[in-house]
Amino acid sequence: MKVPSPAVTSNTPRALRLPKAAAVPGSKLKLPEPKASRDATLRLALERRRSVRDYSAEPITVQQVSQMLWAAQGITAPSGLRTAPSAGAVFPVKLYLVASRVDGIPPGFYSYDVEERSLTMLQEGDKQELLSKVCMDQQCVADSACALLLTAWYGRVRREFGGAAEKLVLLEAGHIGQNWHLQAAALGLGSISIGKWDTTAMKMLLPMPRDEEPVYLLLAGRP
Ligand SMILES: Cc1cc2nc3c(=O)[nH]c(=O)nc-3n(C[C@H](O)[C@H](O)[C@H](O)COP(=O)(O)O)c2cc1C
């Protein structure tokens, strides 16, 4: 006899909501398809976007996170071109998700695969309190539901663009960040850019390849 699984609601304790498949480092979580947003025009999203520092404890959903990641770096052409422009289409910015309160994503640190639209867990556990300390004790970091960390891989962009590499990568990160913000606003969520942190502590807390540098942190959550 098939035992019915309990209904999952926003009151269900977090541990019961977590899919077991992605609960250990190395496991992969395929994200749901991004859906066309019908509830906000671009103009409304532009008007609504504001830096939000106060977040409710209510979780956001895996569908919302999937949508924001797609907005940040979704593939929108058969050639592999993406939602944000990239100098020389080199795509030197890598995406990582720090999930804290997301229904359907166990708390942890994940890398985002743009082509597969999947998350791979790199480290298990809620990092938001420690991340807040890394960001000079900014409370909004601890209170947000998730954070998108953008890192720069300078290798190929330096070979192609020499001394302009750093400027080009930072400009690209800005495009990606704005896409995240506008999608969050369109979904009725709050978001903010964070640029103030200790780089050494960030690299210790969120281990990334040696040749990547953290360049931008973007939060989101229910306002
Ligand atoms: C690159 C960048 C870094 C930022 N870093 C922080 C930060 O570390 N902490 C913070 O509270 N706000 C940060 N902000 C948000 C700005 O304070 C905010 O954008 C500004 O006050 C304008 O308000 P608005 O975004 O609501 O229009 C950052 C914004 C940018 C663009």
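In which sense do β3 and strand β5 (residues 108-113) pair, and over how many bridges? They pair in the antiparallel sense, over four bridges. The legends below start with the whole chain and then move to close-ups.

**View 1. The whole chain is a predicted model.** Local features need pLDDT of at least 70, side-chain atom pairs count only at pLDDT 80 or more, and totals for chains, interfaces and linings use all residues. Residues are numbered from 1 along each chain as its sequence is written. The protein chain holds eight helices and nine strands. Both kinds of element are DSSP runs numbered from the N terminus: helices are H or I with at least four residues, strands are E with at least two. Of the 223 residues, 40% are buried. Buried means that 20 or more other C-beta atoms lie within 10 Å of the residue's own; exposed means 12 or fewer, and partly exposed falls in between, with C-beta atoms placed from the backbone. Two residues are in contact if their C-beta atoms, placed from the backbone, lie within 7 Å. Among contacts with a separation of 6 or more, 74% join residues 24 or more positions apart.

**View 2. Strand β3 (residues 93-99) is mostly covered.** Six of its seven residues are buried. Strands pair if DSSP finds at least two bridges between them. β3 pairs with strand β7 (residues 146-153) in the antiparallel sense, over seven bridges. Here Val93 stands opposite Ala152 of β7. In β5, Phe109 is the bridge partner of Val98.

**View 3. Glu160 sits in helix α6 (residues 155-161).** Why is Glu160 partly exposed? It counts as such because it has 14 C-beta neighbours inside 10 Å. Leaving out residues up to four places away in sequence, Glu160 touches Gly88 and Val90. Glu160 and Gly88 are 72 residues apart along the chain, yet their C-alpha atoms are separated by 8.2 Å.

**View 4. Helix α7 spans residues 165-186.** This helix has 22 residues. From first C-alpha to last, α7 reaches 32 Å, close to the 32 Å expected at 1.5 Å a residue. The expected span is 1.5 Å times one less than the number of residues. Just after α7, Gly188 takes a positive phi of about 80°.

**View 5. A shell of residues surrounds the ligand.** The shell includes Arg50, Ser51, Gln138, Ile192 and Lys196. Its residues divide into two nonpolar, four polar and three charged. Ala, Val, Leu, Ile, Met, Phe, Trp, Tyr, Cys and Pro count as nonpolar, Asp, Glu, Lys and Arg as charged, and the others, Gly among them, as polar.

Terms used. A residue is near a molecule or strand if its C-beta atom, placed from the backbone, lies within 6 Å of it.
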